[in-house]
Amino acid sequence: MFIEVIARNYEECQIIEQAGNIDRIELCADLSRGGLTTSYAVIQKCTERIKVPIRVMVCHRDADFYCPADEYFQLKKDIAYIKTTKAEGIVVGILTPTHQIDLLRMEELIALAHPLAITFHRAFDLIEDKIYCYSTISSIRN
C-alpha cells in the first residue's frame, strides 16, 4: 500500500517523517480552501530537511480550477521555483471554464516541471466525463 500524507508546514513534515512508513508528503497551505501553494520559505525548508519525498501543491484558487492569465503566470513562476528545491514533484491541475482539462496549458506546465513528477489534483473531481478525460491524459503521457 502506498501512503501519502498532507502537511502544511515543516513541523508537520517532521512528525510525518518520524512516524515512518510514509511514502510521500503532499505539501500545501490553507486546507480549509482545499490546499493551496505554500510559501517559498516553507517549500525550501521542508524539501531541504525532510528525507521523505515531497510533492508541492501548485494552486492559487479553491473555486473552479480555471486559471486566468495572471494566475497561470504565477503557477509557472511557482514551478520554476520548486525546480530549484529538492522537491520530488508537484501537484497541479487547471481546467477550462467548461470544466475540461486545459490541455494546452497543462502540457506547458508538465514540460516546464520536467523532470519533476506530476500529480493531477482534485480539479479532476469537477470533470463530468472522467473516462474521456482519462484517455486524454493518457495520450499526453505517451
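Reply: Here is a quick tour, from the whole chain down to single residues. Keep in mind that this is a predicted model.

Me: How many helices and strands does the protein chain have?
Reply: There are 5 helices and 5 strands.

Me: In what order do the elements run from the N terminus?
Reply: The order is β-α-β-α-β-α-β-α-β-α.

Me: What share of the residues counts as buried?
Reply: The protein chain has 142 residues, and 41% of them count as buried.

Me: And the accessible surface, how much is there and what share belongs to carbon and sulfur?
Reply: The accessible surface is about 7,800 Å². Carbon and sulfur atoms hold 56% of that.

Me: What part of the contacts comes from residues 24 or more positions apart?
Reply: Take the contacts with a separation of 6 or more: 62% of them join residues 24 or more positions apart.

Me: On to helix packing. What describes a packed pair in general?
Reply: Two values do it: the angle between the axes and the distance between them.

Me: What are they for H3 and H4?
Reply: H3 covers residues 69–82 and H4 covers residues 103–113. Their axes are 9 Å apart, at an angle of about 20°. H3 is therefore roughly parallel to H4, since angles under 35 degrees count that way.

Me: Which hand does the H3 and H4 crossing have?
Reply: The crossing of H3 and H4 is right-handed.

Me: Which residues meet there?
Reply: From H3, the residues are Tyr72, Leu75, Lys76 and Ile79. From H4, they are Arg105, Glu108, Leu109, Leu112 and Ala113. By class, this contact of H3 with H4 has 6 nonpolar and 3 charged residues, with no polar ones.

Me: What about H2 and H3, how do their axes sit?
Reply: H2 spans residues 40–49. The axes of H2 and H3 come within 11 Å and cross at roughly 25°. H2 and H3 are thus roughly parallel to each other. Their crossing is right-handed.

Me: Which residues make that contact?
Reply: H2 brings Tyr40, Ile43 and Gln44. H3 brings Gln74, Lys77, Asp78, Tyr81 and Ile82. The contact of H2 with H3 counts 4 nonpolar, 2 polar and 2 charged residues.

Me: Changing topic: loops. Where is Arg8?
Reply: Arg8 is in the loop between strand S1 (4–7) and helix H1 (10–19).

Me: Is Arg8 buried, exposed or partly exposed, and why?
Reply: Arg8 is partly exposed, because its relative accessible area is 41%, and that class lies between 20% and 50%.

Me: What is Arg8 in contact with?
Reply: Leaving aside neighbours within four places in sequence, Arg8 contacts Leu27, Cys28, Leu31, Thr38 and Val42. The C-alpha atoms of Arg8 and Asp30 are 7.6 Å apart, across 22 residues along the chain.

Me: Where does Asp30 sit, and what is its phi?
Reply: Asp30 is in the loop between S2 and H2. Its phi is near 55°, a positive value in a residue other than glycine. At 31% relative accessibility, Asp30 counts as partly exposed.

Me: What about Asn21, what is its phi and where is it?
Reply: The phi of Asn21 is near 55°, again positive in a residue other than glycine. Asn21 lies in the loop between H1 and strand S2 (24–27). With a relative accessible area of 72%, Asn21 is exposed.

Me: And the peptide bond from His114 to Pro115, cis or trans?
Reply: That bond is cis, with omega near 15°. Pro115 is in the loop between H4 and strand S5 (117–120).

Me: Last stop: the loop between S4 and H4. Is Leu95 buried or exposed?
Reply: Leu95, in the loop between strand S4 (89–92) and H4, counts as buried at 0% relative accessibility.

Note on methods:
Residues are numbered from 1 along each chain as its sequence is written. This is a predicted model: local features need pLDDT of at least 70, side-chain atom pairs count only at pLDDT 80 or more; totals for chains, interfaces and linings use all residues. Side-chain values use heavy atoms; hydrogens and water are left out. Axes are lines fitted to C-alpha atoms, for helices over the stretch in contact, and angles run from 0 to 180 degrees between N-to-C directions. Helices (H or I, at least four residues) and strands (E, at least two) are DSSP runs, numbered from the N terminus. Angles under 35 degrees count as roughly parallel, over 145 as roughly antiparallel, 65 to 115 as roughly perpendicular and the rest as oblique. A crossing is left-handed if the near helix is turned anticlockwise from the far one by less than a right angle, and right-handed if clockwise. Contact means heavy atoms within 4.5 Å. Ala, Val, Leu, Ile, Met, Phe, Trp, Tyr, Cys and Pro count as nonpolar, Asp, Glu, Lys and Arg as charged, and the others, Gly among them, as polar. Buried means under 20% relative accessible area, exposed over 50%, partly exposed in between (1.4 Å probe, protein chains only). Accessible areas come from the Shrake-Rupley method with a 1.4 Å probe; for residues, only the protein chains shown count as cover.
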